[in-house]
Amino acid sequence: MLVLPAVAQEGVEPVDTDYDRMPANTVVPEYPEKARRQRIEGEVQVCFDISREGFPRRVTVRESTHPYFEKPAVEAVRRSTWRPIPPGEEVPAIKACRTFRFNLVPVPPDERD
Amino acid sequence: MKIKALAVGAIIFAGLLLAAENAAAQRTSSDVLDSHKKVIGPRNPDLSDGADALVRGDFERGVELTEKGLENARGSFELKAALSNLCAGYLMVRKPQEALQACNRVLEEDPNFWRAYNNRALVYLELGEFELSEADILRGQELRPKSKNLELTKAKLLDATDPVVPNVEIDERRGSADEQSDRGTTL
C-alpha cells in the first residue's frame with residue numbers, strides 16, 4: 001500500500017482544523033488486481049472513530065459499489081494514522097468517513113508501447 | 001489400457017504476467033505386458049519429461065522432448081496432450097506459427113478442447129490477431145465458463161487492446177448529521 005505523510009497529501013485536506021482530526025499518515029490502497037483484470041471500477045466509503053492517540057477504531061464499510069474494493073479500503077484506513085490530541089485537550093467525538101474511488105484511466109493511443 | 005493422466009497441457013509465461021496454466025506431465029500406464037507382470041510408469045517418457053521441462057522453464061528442451069513424445073503418442077489423449085504442450089512450448093521459444101499449427105491440430109482432433117482455445121488465444125495475441133484471440137477466448141469460456149486461465153488470457157487481451165492505469169482517489173469528509181447522532185468516542 002502507498003503511505004502518504006500528511007504534508008504530501010495532494011487533494012486530501014482536513015475539513016475543519018479547529019477540531020477535526022488532522023491526518024498524519026494516509027495509506028492509499030492498491031487497486032485490486034482482480035478488479036483491474038476485469039476492468040471493474042468502484043467506490044467504497046469507510047467510516048471510523050479516531051482515538052486520542054490517532055488510531056482508527058471501529059472501522060466499518062458504510063457503502064460500497066463492489067465487494068472487491070472493500071477489504072483494501074478497510075485495510076488502508078486501519079493502517080492510517082492521525083495526529084494525536086495533546087493531553088488535557090478535549091475534542092468532540094465525531095465519526096469520520098473516508099471515501100475511496102477506484103477508477104481505471106485509459107492510456108491514450110499515443111502513449112502506448 | 002488404463003490411462004492415468006495428471007494433466008493435459010501447459011501454458012507458461014516467462015517474464016510476463018501470470019501463468020495461465022501450470023500442468024504437470026501427463027503420465028500413462030501400461031497395466032499389462034503379459035499375464036504375469038504389471039508395469040506402472042510413464043508410457044510416454046518423452047512426453048512427460050517434455051512437460052516437466054516446460055513447467056520448469058527449460059522451453060527448448062521441453063519442445064525437443066515433446067516433439068519426440070508426439071512421434072510416439074498413442075491414442076487421442078496423448079496426441080492432444082503432446083500437441084497442446086507443443087503449442088505452449090513453441091510460443092515460449094518464439095515460434096508462434098508453429099504454435100498455431102500445433103493448436104490447430106489439437107482442435108481438429110477435439111473441437112471442444114477448451115485448453116486449446118486458451119492456448120491458441122495466446123498465440124493469436126502474440127501475433128497481434130486480437131479479434132481471433134477474443135473469439136477463441138469466448139469459445140473457451142462457453143466450454144469452461146469458470147476457467148481462471150481464460151480469465152487471465154482475457155485480461156492479457158484487454159491489456160493489449162485497452163490498456164488502463166489504475167487510479168485511487170480519496171475523499172475525506174466528516175460524518176453526516178445522522179451519523180453524528182451515533183457518535184463514536186474519542187478514546
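This is a predicted model: local features need pLDDT of at least 70, side-chain atom pairs count only at pLDDT 80 or more; totals for chains, interfaces and linings use all residues.

Student: Then start with chain A. What is the pattern of chain A along the sequence?

Tutor: The order is β-β-α-β-β-α-β-β. That comes to 2 helices and 6 strands. Of the 113 residues of chain A, 27% count as buried.

Student: Why is Asp49(A) called buried?

Tutor: The cut-off is 20 or more other C-beta atoms within 10 Å. Asp49(A) has 21, so Asp49(A) is buried. Its place is in strand S3 of chain A, residues 42-50.

Student: How far apart are Asp49(A) and Ala93(A), in sequence and in space?

Tutor: In sequence they are 44 residues apart. In space the C-alpha atoms are 7.9 Å apart. For chain A as a whole, take the contacts with a separation of 6 or more: 68% of them join residues 24 or more positions apart.

Student: Now the largest nonpolar core. Which residues touch the most other members?

Tutor: Cys87(B) and Cys103(B) do, out of 35 residues in that core. Six helices of chain B give two or more residues to this core: H1 (45-55), H2 (59-71), H3 (75-92), H4 (96-109), H5 (114-127) and H7 (148-161). H3(B) gives the largest share, 9 residues.

Student: What is Cys87(B) in contact with, beyond its neighbours within four places in sequence?

Tutor: The partners are Ala99(B), Ala102(B), Cys103(B), Val106(B), Asn119(B), Arg120(B) and Val123(B). There is also a second, separate core of 19 residues, which includes Tyr31(A), Val44(A), Trp82(A) and Phe102(A).

Student: What makes H5(B) largely enclosed by the rest of the structure?

Tutor: Count its buried residues. They are 11 of the 14, so H5(B) is largely enclosed. Among them are Arg115(B), Tyr117(B), Asn119(B) and Leu122(B). The cover includes H3, H4, H6 (130-143) and H7 of chain B.

Student: How does the reach of H5(B) stand against what is expected?

Tutor: From first C-alpha to last, H5(B) reaches 20 Å, close to the 20 Å expected at 1.5 Å a residue. After the helix comes Gly128(B), with a positive phi near 80°.

Student: Why are H4(B) and H5(B) called roughly antiparallel?

Tutor: Check the angle. H4(B) and H5(B) pack at about 155°, with axes 9 Å apart. Angles over 145 degrees count as roughly antiparallel. Therefore the pair is roughly antiparallel. Their crossing is left-handed.

Student: Which residues meet between H4(B) and H5(B)?

Tutor: From H4(B), they include Pro96(B), Ala99(B), Cys103(B) and Val106(B). From H5(B), they include Ala116(B), Asn119(B), Arg120(B) and Val123(B).

How values were computed:
Residues are numbered from 1 along each chain as its sequence is written. Chains are lettered from A and ligands numbered from 1 in the order in which they are written. A nonpolar core is a set of buried Ala, Val, Leu, Ile, Met, Phe, Trp, Tyr and Cys residues joined through C-beta atoms within 7 Å. A residue is buried if 20 or more other C-beta atoms lie within 10 Å of its own, exposed if 12 or fewer, and partly exposed in between; C-beta atoms are placed from the backbone. Helices (H or I, at least four residues) and strands (E, at least two) are DSSP runs, numbered from the N terminus. Two residues are in contact if their C-beta atoms, placed from the backbone, lie within 7 Å. The expected span of a helix is 1.5 Å times one less than its number of residues. Axes are lines fitted to C-alpha atoms, for helices over the stretch in contact, and angles run from 0 to 180 degrees between N-to-C directions. Angles under 35 degrees count as roughly parallel, over 145 as roughly antiparallel, 65 to 115 as roughly perpendicular and the rest as oblique. A crossing is left-handed if the near helix is turned anticlockwise from the far one by less than a right angle, and right-handed if clockwise.
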